[in-house]
Amino acid sequence: MILACQKITKAFGGKSVLNNVNFIINEGEKAAVIGINGAGKTTLFKIITGEYEADEGEVFFQKGASWGYLSQVIDVSSHRTIYEEMLDAKKEIIETEKKIRALEKEISQLSGEQLEQAMESYARLTDWFEKANGYAWRSEITGVLKGLGFSPEEFDTPIHTLSGGQKTRVALSRILLMHPDLILLDEPTNHLDMESIRWLETFLSNYRGAVLIVSHDRYFLDKVVSKVIEIENGQGQVFQGNYSAYAEKKKKQRDAQMKLYMNQQAEIHHQEEVITKLRSFNREKSIKRAESREKVLSKIERVEKPVVLNSKMRITLEPEVISGNDVLSIEGLSKSFGEKTLFRNLNLDIRRGEVVALLGANGTGKTTLLKIINRQLRADSGKIRYGSKVSIGYYDQEQHVLDDSKTIFDEISDAYPKLTNTRIRNVLAAFLFTGEDVFQVIGTLSGGEKGRVSLAKLMLSNANFIILDEPTNHLDIQSREILEEAINNYEGTVFYVSHDRYFINQTATRILDLSSEGIVNYKGNYNYYLAQKEAGNISADSDNVTAPEKDEKRTSPENAREDWKRSREEAARQRKRANDLKKCENEISRLEEENEQLKEEMALPENATNVSKLMELNETLEKNEEKLEELYEQWELLSE
């Protein structure tokens with residue numbers, strides 16, 4: 001065990017964030033903490049690192065264990081260069097190397113006891129140096145910096161001149177080079193391109209120490225972790241396996257609990273109906289039976305309804321009109337900024353119903369291409385043709401489609417003036433803006449909130465050709481899955497840029513790989529694209545090359561006949577049961593009425609003194625009571 005969290009509880013302003021969270025991280029284990037935005041993941045990390053103090057519970061580290069923490073917000077204003085910062089991370093190794101070199105010089109001039117002491121120190125230092133991989137520290141620094149996207153020409157750049165994303169990569173590089181026993185990473189892939197993320201996956205998978213990660217990158221988690229700690233409604237639950245294994249187990253767990261809950265609710269409802277019916281018979285024995293059932297019902301341990309998160313967006317993408325088969329055609333497109341050429345002589349076609357993902361390294365012009373297609377930028381040369389009845393809906397990762405000075409409500413109402421206030425409020429509620437939230441000014445919103453406003457505008461556009469630039473940025477995992485489902489159910493055409501490989505895998509029918517050399521076409525999802533690249537198939541796919549299709553289950557005529565026969569038999573059984581139940585209820589009613597009449601006859605003055613008549617009436621009454629007892633039992637069995 002390297003880390004143990006026991007009964008961690010934390011609240012802010014009376015609002016509970018974490019409640020009795022427990023988990024253990026073992027030596028060398030790779031684990032993820034997941035949950036919706038605001039679930040308390042970062043709070044948990046800050047409690048582990050000591051930045052926050054838990055209201056209750058304790059954090060235990062293995063004695064002498066070291067840890068490194070990469071937070072989402074990096075405040076590095078050092079005047080050192082990137083490389084100098086890495087040298088500081090290897091300070092102990094570098095100082096040890098200097099001592100070893102100094103001893104090597106001394107040893108040649110010593111003798112006797114001094115020589116023995118020097119040789120002993122030399123052996124001890126070199127042993128530690130080898131175990132710390134000291135002989136490779138220079139190549140290790142270079143490898144990590146290159147792996148995280150820094151070119152050798154950037155190594156001498158002063159850190160204080162870097163962007164926020166670059167500073168995050170510097171901080172991550174330093175942590176990786178220090179080799180702590182436990183690495184805590186909060187959204188480590190946010191500022192990395194795909195190649196750097198793949199490098200980090202390999203590094204962490206082979207890392208000897210333990211790793212605890214908060215990330216919305218499901219593909220990354222699939223590659224790295226073997227344990228998932230879910231934070232939901234403040235509660236922690238541990239699942240073994242990677243993200244996909246967790247998602248499958250979680251779905252089964254939620255479905256099973258919902259089934260259990262629904263079955264119990266149906267049973268409770270049924271028992272309540274039976275109790276009401278028994279009381280309606282208004283007989284002493286039937287009332288006793290009702291009371292007995294009520295006691296049993298009161299002792300049932302109620303199954304809790306599975307949590308339905310209020311933070312679940314509702315996205316429905318529907319084109320107003322269907323476009324022609326040819327949606328977009330580009331010929332000979334070129335674009336440069338100054339002396340930097342992004343792409344030259346670009347050609348591509350997109351047809352109706354396709355979901356096309358545009359990939360490429362940072363700086364290859366992916367966002368620029370989307371803006372040119374959306375008429376926000378002019379190309380230097382080339383032709384762009386849109387198909388018949390094509391209407392475009394655009395999602396901009398920089399949210400330039402929003403006016404920072406407007407309220408959320410005005411942003412929607414100005415864009416769609418024909419919408420009623422009620423309709424606007426309903427749409428915004430679907431994107432988690434309710435009550436006074438709708439009057440927040442756009443400029444005060446977080447990146448995730450702005451993203452939701454942009455998605456709301458996109459949904460209302462009813463466009464048949466949707467262009468998306470990094471649509472999953474700032475979305476939590478659940479919201480990403482909802483967007484995936486909306487795209488997969490969309491009847492229009494989609495063209496997008498994304499670094500979210502899981503999202504690409506779930507939605508793309510074709511991938512275009514953009515580089516300065518042009519575009520390479522892959523007809524399949526991300527896994528197919530990756531397999532083709534790794535196999536060295538870098539030429540464009542021909543029209544007859546497609547990704548493997550999913551097998552479809554077909555029902556044979558014989559199976560169909562059997563299913564029909566079984567359903568007929570079941571329907572007949574249900575009809576017989578309903579008829580028997582009705583007959584039973586009618587017989588109970590008849591006998592109860594007859595018993596009332598018998599009691600009235602027994603009370604008549606002329607019968608009160610007629611012993612033989614009283615005995616006859618009483619005998620009939622007792623037989624009816626016995627029959628009623630049987631009928632009550634039969635009715636209860638049939639009602640089940």
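## Contacts and overall shape

Of the contacts in the protein with a separation of 6 or more, 68% join residues 24 or more positions apart, where contact means heavy atoms within 4.5 Å. The structure is a predicted model, in which local features need pLDDT of at least 70 and side-chain atom pairs count only at pLDDT 80 or more, while totals for chains, interfaces and linings use all residues. Residues are numbered from 1 along each chain as its sequence is written, and side-chain values use heavy atoms, with hydrogens and water left out.

The protein has 20 helices and 18 strands. Its radius of gyration is 36 Å, well over the 26 Å that the globule rule gives for 640 residues, so the protein is more spread out than a compact globule. The radius is taken over C-alpha atoms, and the globule rule is 2.2 Å times the number of residues to the power 0.38. Along the principal axes, the C-alpha atoms fill a box of roughly 135 × 85 × 55 Å. Helices (H or I, at least four residues) and strands (E, at least two) are DSSP runs, numbered from the N terminus.

## Surface, burial and charge

The accessible surface of the protein is about 34,800 Å², and carbon and sulfur atoms contribute 47% of it. Accessible areas come from the Shrake-Rupley method with a 1.4 Å probe; for residues, only the protein chains shown count as cover. Of the 640 residues, 44% count as buried. Buried means under 20% relative accessible area, exposed means over 50%, and partly exposed is in between (1.4 Å probe, protein chains only).

There are 87 positive and 104 negative charges, and their mean positions are 3 Å apart. Lys and Arg count as positive and Asp and Glu as negative, with His and the chain ends not counted. Each charge is placed at NZ of Lys, CZ of Arg, CG of Asp or CD of Glu.

## Helix H3

Helix H3 covers residues 91–107, and its 17 residues should span 24 Å at 1.5 Å a residue; the end C-alpha atoms are 24 Å apart, which agrees. The expected span is 1.5 Å times one less than the number of residues.

The buried residues of H3 are Ile93, Ile94, Thr96, Glu97, Ile100, Leu103 and Ile107. Their cover includes helix H2 (82–89), helix H4 (112–131) and helix H5 (137–147).

## Two asparagines with positive phi

Most residues other than glycine have a negative phi. Asn233, though not a glycine, has a positive phi of about 55 degrees. Asn233 sits in the loop between strand E8 (227–232) and strand E9 (235–240). With a relative accessible area of 54%, Asn233 is exposed.

Asn462 is not a glycine either, and has a positive phi of about 55 degrees. The loop that holds Asn462 runs between helix H14 (447–461) and strand E15 (465–469). Asn462 is partly exposed, at a relative accessible area of 30%.

## Positions in strands

Lys227 lies in strand E8 and counts as buried at 7% relative accessibility. Apart from neighbours within four places in sequence, Lys227 is in contact with Ile24, Glu29, Lys30, Ala31, Ala32, Val238, Phe239, Gln240 and Gly241. Gln478 is 251 residues from Lys227 in sequence, with 19 Å between their C-alpha atoms.

Asn521 belongs to strand E18 (residues 518–522). At 12% relative accessibility, Asn521 counts as buried. The C-alpha atoms of Asn521 and Arg510 are 7.4 Å apart, and the two residues are separated by 11 residues in sequence.

## Partly exposed positions in a helix and a loop

Asn618 is in helix H20 (residues 611–639). Its relative accessible area is 30%, and Asn618 is therefore partly exposed. Asn618 and Lys599 are 19 residues apart along the chain, and their C-alpha atoms are separated by 8.5 Å.

Thr316 is in the loop between helix H10 (284–298) and strand E10 (326–337). Thr316 is partly exposed, with a relative accessible area of 44%. From Thr316 to Arg344 the separation is 28 residues in sequence and 37 Å in space, C-alpha to C-alpha.
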